[in-house]
Amino acid sequence: VPDKKSTFSSCAKSQPFLLHVPKSSLEHGFRECYGISTCDAYDIEEKMHENRHVFHATVKDPITNEVFSSGLGRPIDVELRRGASLATPLHRAEVSILDGKVFYHDPKLAEHAAASRAIDCYIFREEGADTNNPRLCLEDPYTTIEECISQEIDYTALLVQRNHLSEDEKNKSIPVPDKKSTFSSCAKSQPFLLHVPKSSFELNTTSDDNLPALTFQFNDKPTKVNNKLSTLGRIAELWTDAADIDSSNGATRSWTTKSTIEYDIENILDWYDRVNLKPQNHQEASALAQLCNKILTALGKRNSELHLDERGSYINVEKNAKIILDKIISLSKNYGDKSFLNADTFNAYINCLSQLDCTRSAKLAKDLLKNMVDKEVCGDMAEAQWSSLFRGTSKFSSRDLPNPNVGTFNAVMALCAMADDKSGVNDVYSLLEVASLDDGEGRSLRPNNDTFKTLLAVNSKIDDRFSFNLATDKIQQLADSTCSEAFIPDADLYSAVFSLTKKSRADSKANRYAKSWEGEWLRYGCQYEGGFKSVDEFSNTEAMDMEKWLLYAEDCGVNPNVEMYEAVIQAWTETGTKYGLLKAEEWATRAVSSSSPIRLKTFHPIIASWALCQSERAPGRVKEWNRQLVAVSASQPHLKPDLSLLCSQIIAEVSVQSGIMARLGEKKQSSREENSAARSIENDNENAIAMEALFAGAQNCVQFLEEMSLVESQLESPQDTAAYTSMFTHTIRAWGCAARFAHLNMTSESLDESRGVSEMLEIAQLFQSKINGDKSEQQAQHIMHLMGESYAEIASQLYQIDSADEASCRFCENIAHVERMLRNFSQYSRKHFSQNSFTPESKATRHRLYKEILRGCTGVISETDHDHVVRVCNLIMDHLSWQNEQCHDSGGARVEEDITSLYVNIALLMGTVVKSPHERMHVLTTVHDNARQFFAHKRRFRTSSYATVDRSRLMGAMRMAMGGSELTEPFIRNFDEQTPKRRVQEKTAMSYVHEMLRKRKK
C-alpha cells in the first residue's frame, strides 16, 4: 500500500484517460486507495425485454460493502488515449429502463456503467459539487445509501438530456499538414526525373491540381436510444452478426477460405445435430419444437444473406432445412399440437430455399404461398401441389398449413427479386393488397417496410441499373396506394433501392479478388486495373442517379444511412475513371462529417481503386488515406485500418510497376519501325527513368515491410496472416519486376538484376529466426503458410527472370539458396506438425512451393548443379512420403487431391540431368517407388488418404525421360502390373470341415 494516502479524485486526475474505461479506472482507484482489486466485485442481473436479453450490474466496495448500480452514461471531456476506450461508449450504447433501473444490452457495458456510478459518488464525497470534476453518469451522485434510496430519478428526461449532450459534443477535425512542395524537394525526392527536365517540372506544377487534400470533419453524433429491437430469439443471437460490422470473430478459426456466413451456417446445423433428441413428454416436445423453429429461422436468415457474401460463395441448405421442418411437423402430428407449426416456420423454410437456382426456388415459394392462401379453395389441386413440394412428409396435408402472415409474402417477394422476376414480385404484392382489404383476420396482412423495400428495389432498375426517375415515380405511387397508412419512408427504405444491384456487378476480376487471401476488399477496385478509364456520359449515369437519390432523401427529411453513402461511393468507383474516384472521395468525406455511423468498409472502394489504378501518385494517396484513418481511430477505434488495408500501400507500389512496364511495352511496340538515333536516345532516357522508378518502388515496399515488423503475436488470426502473406509476396514481386527489367535494359551499374535477386533472398532470411523456438499450434500453421507462399514466390520470380532471356540462369546460380529454403520449410513443417497440416489451404501452399521449385529446375543447364536438382527432387519426394504417413497414422479422411504433375515433372527432370541410361533407370525406379503409395487400388484401405497419382501418366513421363535408349522398353515392362498369384489355402480346422462337406455332397 502506498505511504501517501491516495484518493479516487487524485487517481482520476493522475490518469484521466482511464475514465473512458470505467472498470479500469475503478480498479486503479481501489488498488491505489485500498491496495486491492475489484475483479470479483461485480454482479449481473439478466432479464428478457422485447425478446432480447438485457443486463443490469452492481459493483461492491471491497471495504465498506456498499453497492453501486449501473448508471446512465454521459459524454465526458477528458484526455483520450489510443487503446483506452470502449468500442461503444456508454453514452452511445443502447439501454432499457425497467423498474427504475438502467439495463444495457451488453453485460460488459453494464459493469462499466456500475463502475461509472461508483466513481461519481467517490469523487463527489471527496471533492463536493465541483463543476471542474468529470461526471460519468447523468444521475446525481450521493453520499449515503439513504440518500440514494430517497432519490427520484426521471429517466425519461435523462434520456432526452443524454441525446442532447451527445449531439452537442464538439466536432473532431483532423487537419492535414499543408506542407508546400518546392522544386528542390521534388528534385530530391525523385532525382531520376532530372534526366527528363519536362517531367521534373510537371511533377511540381500539376500535383496540387490533380489531387485535392484530404481533410475529415468527424461529427460524432450518438445513436438514438431505441428500446424496441426485433431479434431472432436467444438461440439465433448466437449466430447472427452484431451491430459492429467491422468486428471479426476469425481470430479463433483455423486457416481457411470459408466466409463468415458459411461458418455461421455450419454452427447452426451443428447445433441442431446436438439438440435433436427424442422428447419423452409433451413439455419436452414443445421445448424442442420452439428450439427447432429458432434454429430454422436463424438458418433462413443467414441463407438469405448469402447474396451479400463478399467471397461470392454459395452453399445449399435447402435439404437441411427440409429435415428440420419435417422434425417440427412430426412433433406437431405426434403430440397433436398445431401451435408447434406457424406461418413463421414456413417463412424460415422459404428463406432456406436454394440460391443456386433462384428461379426454381422462387417458383416453389410461390406455389407454397398459393397453398397457404387457397388451401380450402383449391382442394384437390392444392393437395397435388403440396405433394410435389413436400413429397415424403407423411400425415400432413396442405389443409394443415397455417395462414400466411406478411412475413410469408415478404419472403416470397425477396426470392422473386433475387431471381430478377419483377412480375413475380408485383404479383405477390397485388395478392397481399387484396388480402389486406379483407375483413376480419385479413386486416393483419398489412404491408410493412420490408415489403416496400423489395417492391421499390425491383421497380427502380432499368437493365440492372438504378434509375432515379423510376425510383421517384415508384415511391410516389406507393405513398398514394391503398396501403399508404403503412408506408413510412425512412433511411432503410431509401437505401433498399441499391441492395439488389450489387451481386450482378461481379465479374471475373472481382471474383478473383473475392476468393483470394490477398484482400477481399480489393475487388472494389477491379475497374481500375490497367489504369484510369476515359470519361463518357454513360459511365457516370448510374452514379449520378444514385447521388441524386441520396440528395432527394435529404430533401425529404431523411438522414441517409451508411449503406446509402457506401452505395454512392461504390457507384462512382465502378466508373473506373479518375473523375469518379475523386467524386467518391468527396462523398466519403461528406459521409464522415454526417451523423451516420461510418465503418471501415465505407473506405474500401476508394483505397482499393487507388491501389490498383497504376497511377504514380497512387502510393502516396493510399498512404494518406491510411494516415487519416489512423488519426480518426483515436476517437473512433473501429475505423483503425487493419493489416489488410495497410497492405494496400505495397499493392499500390506493385501496380505502379505494372503500369510502367505496360506503357514501355506499348511504346516499344509503336517505335519498332523507327530506327533514328534521336529515338534511340529517347528510349534510353525513358528506360533510365523507368529503372529508377521500378527500383524505388521495390525499395519502398521493403521500407514499409520493415515498418510493419513481423510480430508473431499478430499471426493469431487468418486475416492478419493473409495480410502479411500479401505484403511479403508483393514485395518479392516488386524486386522480381525490377530485376527482370534491369536484366533486359542495363542502364546503371548500381541498379542491376543481381541487386533485385539479393533483395529477394534477404526476405527469405527473415524466416530463419522463426524456424527454432516454441510456437502455438495456430501460430506455427500461420507461419508455415507465410513461409511457404514467400518461398514459392521467390522461386517463381527467379524462374521468370530466366524466362525473360534464355542466356540468364539466376535460378541455377541460386539453386543452393532454393535448396536451403526447401529444407527449412520441410524442417519447420515436421517440427510443428498438426492435423491442420492437412487442410486444403495448407496442402495447396505446400504443393505450390514444390511446383515452382520444380519449374525453376527445368532451366538448370550447368552439369555442376545437377546434383542440386537431384537432391531437391529427393527432398520433395521424401516430404510427400512423410506427409502421407502422418495422414495415414492420424486416420485422416480420404482426400482426392491429384499430385501427378509433381511426380511427372520430377521424372522429366531426371531424364534431363542424369546422363547415364543405367543411372537414369535407377533414379526413375526411385521416383516410381515413391509414387507407388499414391496409386489407386481396388481395395480402398490401401489407397492413400493424402493424395493420388495417376500411374499411367507417370509411366508415360518415365518413357519420355528414358528417351530413345534401347533400354527403354525392357525398363518400362518391368513396371507392368502382374496378375497376383492365387493364394494357397492353408490347412485349418474350418478348411477341413468345408472339404468334408463337399465330399459328402458328392
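# Aromatic pairs, strands and loops in a predicted model

A search of the whole structure finds 23 aromatic pairs. Rings of Phe, Tyr and Trp (its six-membered ring) are paired if their centres lie within 6.5 Å; planes under 30 degrees apart are stacked, over 60 edge-to-face, and the rest tilted. This is a predicted model, in which local features need pLDDT of at least 70 and side-chain atom pairs count only at pLDDT 80 or more, while totals for chains, interfaces and linings use all residues. Residues are numbered from 1 along each chain as its sequence is written, and side-chain values use heavy atoms, with hydrogens and water left out.

**Aromatic pairs**

- A pair of aromatic rings is described by the distance of the centres and the angle of the planes.
- F8 and F30 form an edge-to-face aromatic pair, with 5.6 Å centre to centre and 85° between the planes.
- This pair links distant parts of the chain, 22 residues apart: F8 is in helix α1 (residues 8-14) and F30 is in helix α2 (residues 22-33).
- Helices (H or I, at least four residues) and strands (E, at least two) are DSSP runs, numbered from the N terminus.
- F8 and F30 are both buried.
- Buried means under 20% relative accessible area, exposed means over 50%, and partly exposed lies in between (1.4 Å probe, protein chains only).
- F971 and F975 also form an edge-to-face aromatic pair, with 5.0 Å centre to centre and 80° between the planes.
- F971 counts as buried because its relative accessibility is 3%, and F975 counts as buried because its relative accessibility is 12%.
- Ring pairs also link F8, F30, Y34, F68, Y122 and Y142 into a cluster.

**The chain as a whole**

- The protein chain has 41 helices and nine strands.
- Of its 1002 residues, 50% count as buried.
- The protein chain exposes about 48500 Å², and carbon and sulfur atoms supply 50% of that area.
- Accessible areas come from the Shrake-Rupley method with a 1.4 Å probe; for residues, only the protein chains shown count as cover.
- Among contacts in the protein chain between residues at least 6 apart in sequence, 73% join residues at least 24 apart.
- Contact means heavy atoms within 4.5 Å.

- Strand β1 (residues 42-49) runs antiparallel to β2, and eight bridges join the two.
- Two strands pair if DSSP finds at least two bridges between them.
- I44 stands opposite A57 in β2.
- The hairpin of β1 and β2 has two residues between the strands, and E50 in the turn has a positive phi of about 55°.
- Strand β2 (residues 52-60) is largely enclosed by the rest of the structure, because seven of its nine residues are buried.
- β2 also pairs with strand β3 (residues 67-69) in the antiparallel sense, over three bridges.
- K60 stands opposite V67 in β3.
- Six residues lie between the strands in the hairpin of β2 and β3, where N65 takes a positive phi near 65°.

- Most residues other than glycine have a negative phi.
- D420 is a residue other than glycine with a positive phi, near 55°.
- D420 sits in the loop between α15 (406-418) and α16 (422-436), and D420 counts as exposed because its relative accessibility is 61%.
- D464 is not a glycine either, yet its phi is positive, at about 65°.
- D464 lies in the loop between β8 (461-462) and β9 (465-466), and with a relative accessible area of 26% D464 is partly exposed.

**A buried loop residue, F498**

- F498 is in the loop between α19 (491-495) and α20 (508-514).
- F498 has a relative accessible area of 2%, so F498 is buried.
- Apart from neighbours within four places in sequence, F498 is in contact with F466, M546, W549, M564 and A567.
- F498 and A567 are 69 residues apart along the chain, and their C-alpha atoms are separated by 6.6 Å.

**A nonpolar surface patch**

- Y992, V993, M996 and L997 form a nonpolar patch on the surface, with about 390 Å² of accessible area together.
- Patches are made of residues with over 30% relative accessible area and no salt bridge; like charges are joined within 9 Å and nonpolar side chains (Val, Leu, Ile, Met, Phe, Trp, Tyr) within 5 Å.
- A salt bridge is a side-chain nitrogen of Lys or Arg within 4 Å of a carboxyl oxygen of Asp or Glu.
- Y992 is found in helix α41 (residues 989-1001), and Y992 counts as exposed because its relative accessibility is 53%.
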